[in-house]
Amino acid sequence: MTKPLVAVLSGAGISTDSGIPDYRGPNGLWRKDPEAEKLVTYEYYMGDPDIRRRAWQLRRKNHALRPEPNAAHLAVAELERSGVPVRVITQNVDGLHQLAGMPARKVLELHGTALEFMCTKCHARGPMEDALARVEAGEDDPPCLECGGILKSATVMFGERLDPVVLGEAAAITKACEVFIAVGSSLQVQPAAGLAGVAADHGARLVVVNAEPTPYDDRAAEVVREPIGTALPALLRRLRETAP
Ligand code: ZN
């Protein structure tokens, strides 16, 4: 018998122990601060050089913090290394699952990644480090070196569509998995909320690990309210030991 495919859907709550606040969630920092929200809203970003200059300074500041993966990210990577097929679907843009040791091809980033920049015109991409080095050197809104277009981080801003290819893969994994663990997500915004429902509809064992109640707790086989940094490693250890 093959080991059960485990899908881990992670939200902001898995990275708070790494010092990264919840920006995007329903009660996240951006939603509470209209000025900050403009920095991550496509229309404002594209239309206002001053917004872009402020966004680059913020990226510089966030990048300098160099967050590290925490016990929860490490536990997911360890489960994968133990031979259990694991796929991560994440709402986070921090790259911490990969930094913890998850192979990049097994991590789907629904909202893109803050570790790369991309051109809004020709879609050229590169390491965020490179763009930030140019900001550091005095270009306060560095244009694309290929085409002169406006650069942004490779994250999905408000007003932008999610990548349909990534979404399609996330849906396929959700339908195929036997265990679906939603961790640190309020499951109140799409597509995360929808995925939890699809997992339950397709007969996966739904486990919710979140400090606050979610709309899917009723459909979950197990709900864990304990802190993610200790609860998730314990849960995954148990899963590893009982996997056939
Ligand atoms: Zn370009």
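Residues are numbered from 1 along each chain as its sequence is written, and side-chain values use heavy atoms, with hydrogens and water left out. Since the model is predicted, local features need pLDDT of at least 70 and side-chain atom pairs count only at pLDDT 80 or more, whereas totals for chains, interfaces and linings use all residues.

The chain is divided into domain 1 (1-20 + 69-111 + 162-244) and domain 2 (25-66 + 112-155), with bounds that come from an automatic or database domain assignment. The C-alpha centres of the two domains lie 27 Å apart. The contact between them, where contact means heavy atoms within 4.5 Å, takes 9 residues from domain 1 and 7 residues from domain 2.

Helices and strands are taken here as DSSP runs numbered from the N terminus, a helix being H or I with at least four residues and a strand being E with at least two. A residue is called buried under 20% relative accessible area, exposed over 50% and partly exposed in between, with a 1.4 Å probe and protein chains only. In helix H7 (residues 128-136), the residues Met128, Ala131, Leu132, Arg134 and Val135 are buried. When H7 is viewed down its axis, these buried residues fall within an arc of 155 degrees, so they line one face of the helix; the arc is that of the directions from the helix axis to the C-beta atoms. The buried residues of H7 pack against helix H4 (49-64) and against the strands S4 (112-119), S5 (125-127) and S6 (151-155). Just after H7, Gly138 takes a positive phi of about 120 degrees.

Helix H9 (residues 192-201) has 7 of its 10 residues buried, so it is largely enclosed by the rest of the structure. The buried residues are Ala192, Ala193, Leu195, Ala196, Gly197, Ala199 and Ala200, and they pack against strands S1 (6-10), S2 (86-90), S7 (179-183) and S8 (205-209) as well as helix H8 (164-176). H9 is followed by Gly203, whose phi is positive, near 85 degrees. The loop between S7 and H9 contains Pro191, and the peptide bond from Gln190 to Pro191 is cis, with omega near 0 degrees. Leu187 is found in the loop between S7 and H9 and has a positive phi of about 50 degrees although it is not a glycine; at 2% relative accessibility, Leu187 counts as buried.

Arg66, in the loop between H4 and helix H5 (71-81), is a residue other than glycine with a positive phi, near 45 degrees. At 52% relative accessibility, Arg66 counts as exposed.

A charge is said to sit over a ring if NZ of Lys or CZ of Arg is within 6 Å of the ring centre and within 35 degrees of the ring normal. The charged end of Lys38 sits over the ring of Tyr44, 5.3 Å from its centre, and Arg59 lies over the face of Trp56, at 4.4 Å from the ring centre.
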